[in-house]
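Please keep the picture in view while you go through them.

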Amino acid sequence: MFSYHTPHRFLKKIKPLLGQVLTKGFTSLKTTKQTKPINYIRQKTNKSRTQKSSTKKNDNNPEPKIYSREKITKIYNILKYSTWDSAQEQLDNLPTKWDSYTVTQVLKTHPPMEKAWLFFNWASTRKKFKHDQYTYTTMCDIFGEANRISSMMYVFSRMKDEKVKIDVVTYTSIMHWLSNGGDFDGAVNLWEEMKAKGCRPTVVSYTAYMKILFGREKVNEAADVYKEMLESGVKPNCYTYTVLMEYLASSGKFDEALEIFDKMQEAGVQPDKATCNILIEISCKTGETRARTKILEYMKDNFFVLRYPIYQKALEAFKIAGESDMLLRQVNRHFSAEENSNDEPEKYNLDNDFDLENSLVLNLLNKRSLVGVDSLLSDMAEMGVRLESGVVSKVIEVNSACQRQNGALLAYEYSVKLGINIERTAYLALIGLFVRINSFPKVVEIFEKIAMQGFFLGTHLNSTLIYRLGCGEEATSAAKVFDLLPEKERSCAEYTALIGAYFSSGNADMALETFDVMKKAGVKVVLGTYCVLLAGLEKCGKAREMDYYRKEKKRLENGRCSINVSMEETICNLLFAR
């Protein structure tokens, strides 16, 4: 079970790399809502007939009841759309009781800053009204958010001069804005002043101060503050854990961050939507696919979604990693639907020479009615109706682009059943789709179809595919793809990729055997091949072989000449040389 009294368990792992996390945490809790006056219910009394009759007369013309929200909105519109002279005249004529709650709520609507300040001073001239910590703190927030630090400190000094009570909310808010404005020493001094005045820090105060210290790489001081918080009986909240996790994740310590992610749930604190967005964004920058997947699974279970800019970053990160983004799209179905509806679909020409079936399928593709295409293909497969190769290829390409695995597979199986040879681009789309979802047996099957039709991907795609299969610990599939290549297509890049695939699967003997076959076949060994060979031998702990091939690599580097280097050798070095 996670204990609140073991702070160094996490803080000893923290390194200084913190970004901004808790802005919303400050703004949401920086002012305390003033309690509204209690409306007492009068007891019913017996009325005489004359009283009842007079009451009925008054009920015929009741005075309109103005709710607080309507009143605040009306004052905000006056301040926003009128000059100050006109606004002041209208405010004077309002039948409003000017109390602390009303003035605070008006300031929180964020009228223009200059008019907010004029209104603040105008309110102090009202009879029986006096500014308190709520109105002062709100005015300080307005100046702090606009980065008018000197104006904020002037209001704070007036607050002290008038001996207005300064509570922990006011100190925390001003400390936050001072730090944001670059005055770190001022924020630290204010923290000390708050404690000296006897204001007991809250969890928001502790978290805000820890964030300030992390931002200035004061890790030990932040650890002391966290320990002090726990010893004082204040329990960390979601914002506190978010600060710790963001700091660890930004430092490259995602395992430790995920440990906190699990332990905080055991302690009864659930990560919120903001926490998940922050961690996903960092994982996109650092390329942590495993951590990103785990957080997305948590978001799916708890019905959280990503902000659109972070969703786009996650899409790009999955694409770069060559991983399937199916889980990301399941978590953010609304974005996927918008993308499909907003994308301008490619229009396919309805050739007059096409028969009715081909024209119908192309028409459904134009309308992006892919479910209708699936239904139509199923019926055509049962009845043995053949479509043109180009039409089936288009169906496969569109389904693959939309990440519709079942639709693409249905069209492919339709083509196999009826003996339709699809185009090379459709085969490439299928290979890309099934590699992303780690369906490697299907990749080998499709590659076999390509080889039977005499299509080949080229050195770059061949070697990339073989190496990718090896990274998925599918060395057998990688070997099958290699064996399907004709002799003229087996260059140094393909051999090197197969060697790397065997090493990735932990089969060092087969990797060395493949290297021997490569040399016996007369294929030139290049720098990229030696790099893969040495890395694999080091991983498998074969020190003797490593020393031998390291010498061969140095011999190759010393006698290396850039003249008459083939395209295949260049591709091999670009892919595998380090």
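1. Helix H23 covers residues 389-401 and helix H25 covers residues 424-436, and their axes come within 9 Å and cross at roughly 30°. That angle makes H23 roughly parallel to H25, because angles under 35 degrees count as roughly parallel, over 145 as roughly antiparallel, 65 to 115 as roughly perpendicular and the rest as oblique. The axes are lines fitted to C-alpha atoms, for helices over the stretch in contact, and the angles run from 0 to 180 degrees between N-to-C directions.

2. The model is a predicted one, in which local features need pLDDT of at least 70 and side-chain atom pairs count only at pLDDT 80 or more, while totals for chains, interfaces and linings use all residues. Residues are numbered from 1 along each chain as its sequence is written, and side-chain values use heavy atoms, with hydrogens and water left out.

3. Which residues make the contact between H23 and H25? From H23 come Ser393, Ile396, Glu397 and Ser400, and from H25 come Thr425, Ala426, Ala429, Leu430, Leu433 and Arg436, where contact means heavy atoms within 4.5 Å. By class, the contact of H23 with H25 has five nonpolar, three polar and two charged residues; Ala, Val, Leu, Ile, Met, Phe, Trp, Tyr, Cys and Pro count as nonpolar, Asp, Glu, Lys and Arg as charged, and the others, Gly among them, as polar.

4. A second pair to look at is helix H16 (residues 273-286) with helix H18 (residues 308-321), which pack at an angle of about 35° with their axes 9 Å apart. H16 passes H18 in a left-handed crossing. Asn277, Ile280, Glu281 and Cys284 of H16 meet Ile310, Lys313, Ala314 and Ala317 of H18, and the residues of this contact divide into five nonpolar, one polar and two charged.

5. On the H26 side the contact involves Phe440, Val444, Phe447, Glu448 and Ala451, which meet Ser477, Lys480, Val481 and Leu484 in H28. The residues of the contact of H26 with H28 divide into six nonpolar, one polar and two charged.

6. Within helix H28 (residues 475-484), the residues Ala475, Ser477, Ala478, Ala479, Val481 and Phe482 are buried, meaning under 20% relative accessible area, while exposed means over 50% and partly exposed lies in between (1.4 Å probe, protein chains only). The cover over these buried residues of H28 includes helix H26 (440-452), helix H27 (459-471) and helix H29 (492-504).

7. For the protein as a whole, there are 33 helices and zero strands; helices (H or I, at least four residues) and strands (E, at least two) are DSSP runs, numbered from the N terminus. Of the 578 residues, 48% count as buried. Among contacts between residues at least 6 apart in sequence, 67% join residues at least 24 apart.

8. How many disulfides does the structure hold? It holds zero disulfides, a disulfide being a pair of cysteine sulfur atoms within 2.5 Å. The sulfur of Cys238 is 8.2 Å from the closest cysteine sulfur, in Cys276, which is too far for a bond. Cys238 is buried, with a relative accessible area of 12%, and Cys199 counts as buried at 16% relative accessibility.

9. The backbone deserves a careful look in two loops. Most residues other than glycine have a negative phi, and most peptide bonds are trans. Lys163, although not a glycine, has a positive phi of about 55°; this residue is found in the loop between helix H9 (149-161) and helix H10 (168-180), and at 74% relative accessibility Lys163 counts as exposed. Glu217 is not a glycine either, yet has a positive phi of about 60°, lies in the loop between H12 and H13 and is exposed, with a relative accessible area of 55%.

10. Lys218 also lies in the loop between helix H12 (203-215) and helix H13 (219-231), and at 33% relative accessibility Lys218 counts as partly exposed. Leaving aside its neighbours within four places in sequence, Lys218 is in contact with Phe184 and Leu213.

Technical notes. A crossing is left-handed if the near helix is turned anticlockwise from the far one by less than a right angle, and right-handed if clockwise.
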